[in-house]
Amino acid sequence: MPVYSMTGYASLQSTPGQMQADANQGFDPALPDDWRLSLELRAVNSRFLDLTFKLPEELRPHEAALRELLQKQLRRGKVELRASLEHQSSAPDQMQAPSVPLLQRLAAAQDAVRSWLPQATPLTVGEVLRFSTAPSSLALEPAQMQQWLLQCMDSLLERFHQARETEGKQLADSLQQRVDGLRALAKEAEPLIPQLVEQQRQRFLDKWNDAFKQASAQSTAAPVSAEAAQERALSEATAFAIRIDVAEEITRLQSHLDTIENLLRKGGELGKRMEFLIQELHREANTLGSKSAALDTSRISVDMKVLIEQMREQVQNIE
């Protein structure tokens, strides 16, 4: 599966005639073709799915259907859907004949009125033409309106997913570059570890021996045996060397990098797991810095933290 970014944008404009031409299944719109639906879908990063709708009054009854559709296809992000419905009146020389569905509804409305008011005057041709060219509630049959709206949303979401997939691929490539950089730093640190441990061990042992000699020369009490002093010095040096050994941290860091690479290859919903792994990487880099006993390992720790912080910012945009 691809890696999706939580950031994305898509827009779409459609008329019922365009949707009828694009649809594979039969679509018999009740709306005349001089209605235009405009949709915009935009999203930024968020810990959870946060949906906001900015709809005209004509589309408010369909907000629940839109919410259900978006909840099925999106998992995280602050998502805003904007919609507008415009009617463009035709010029007199471009007037078109009323659609059959509209004529049927006008006839049914007239029959209902005259059943209660037999004296009512029948509709004239001019009145029918006014109904057909003016935006009115008769042109906005709810079932057909929702069908048109949801089909437009399907096309809009397809564009939206493509935009998020494109940005997600860029994020994944950038994260992989940082992973490679961290692996290079870990590889650079690995041969330094045994050298640093042995250097610190020997340095500690030398200082202990020097201090023992000075104390023995100045002490009036019975001198401590050289073997006992050396054994104690060796024990202290070994304990100190263990405290500054970062081999375990390097191993755990590489294990976390393996998991991140596997997640990037797998794709799908990986943002929250990646955030946890970034925290673990930061912990290992911090420990490496706190145990550092040489400038080289301190520099490596700082360079690791820079890369990990860059990864943290990028992971916040992944779904």
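**A loop residue and the sheet**

Modeller: This is a predicted model, and a place to begin is L117, which sits in the loop between α3 (100–116) and α4 (125–133).

Colleague: Is L117 buried or exposed?

Modeller: A residue is called exposed when its relative accessible area is over 50%. Because L117 has a relative accessibility of 51%, the class it falls in is exposed.

Colleague: Which residues make the nonpolar surface patch, and what is its area?

Modeller: The loop between α3 and α4 holds L117, and this residue contributes to the patch together with V113 and W116. The area of the patch made by V113, W116 and L117 is about 390 Å².

Colleague: In what order do the 4 strands form the open sheet, and which are the edge strands?

Modeller: The pairing in this open sheet is mixed, and the order of its strands is β1-β2-β4-β3. Since each pairs on one side only, the edge strands are β1 (8–14) and β3 (49–54).

Colleague: Which residue in β2 stands opposite G8?

Modeller: Strand β2 (residues 35–44) pairs with β1 in the antiparallel sense, over 7 bridges. Within β2, the residue standing opposite G8 is A43.

Key: Residues numbered from 1 in each chain as written. Predicted model: local features only at pLDDT ≥ 70, side-chain atom pairs only at ≥ 80, totals over all residues. Heavy atoms only, no water. Patch = residues over 30% accessible without salt bridge, like charges linked within 9 Å, V, L, I, M, F, W, Y side chains within 5 Å. Areas by Shrake-Rupley, 256 points an atom, 1.4 Å probe, with all protein chains shown as cover. Salt bridge = Lys/Arg side-chain N within 4 Å of Asp/Glu carboxyl O. Helix = DSSP H or I, 4+ residues; strand = E, 2+ residues; numbered from the N terminus. Buried < 20%, exposed > 50% of the residue type's maximum accessible area, 1.4 Å probe, protein only. Pairing = 2+ DSSP bridges.
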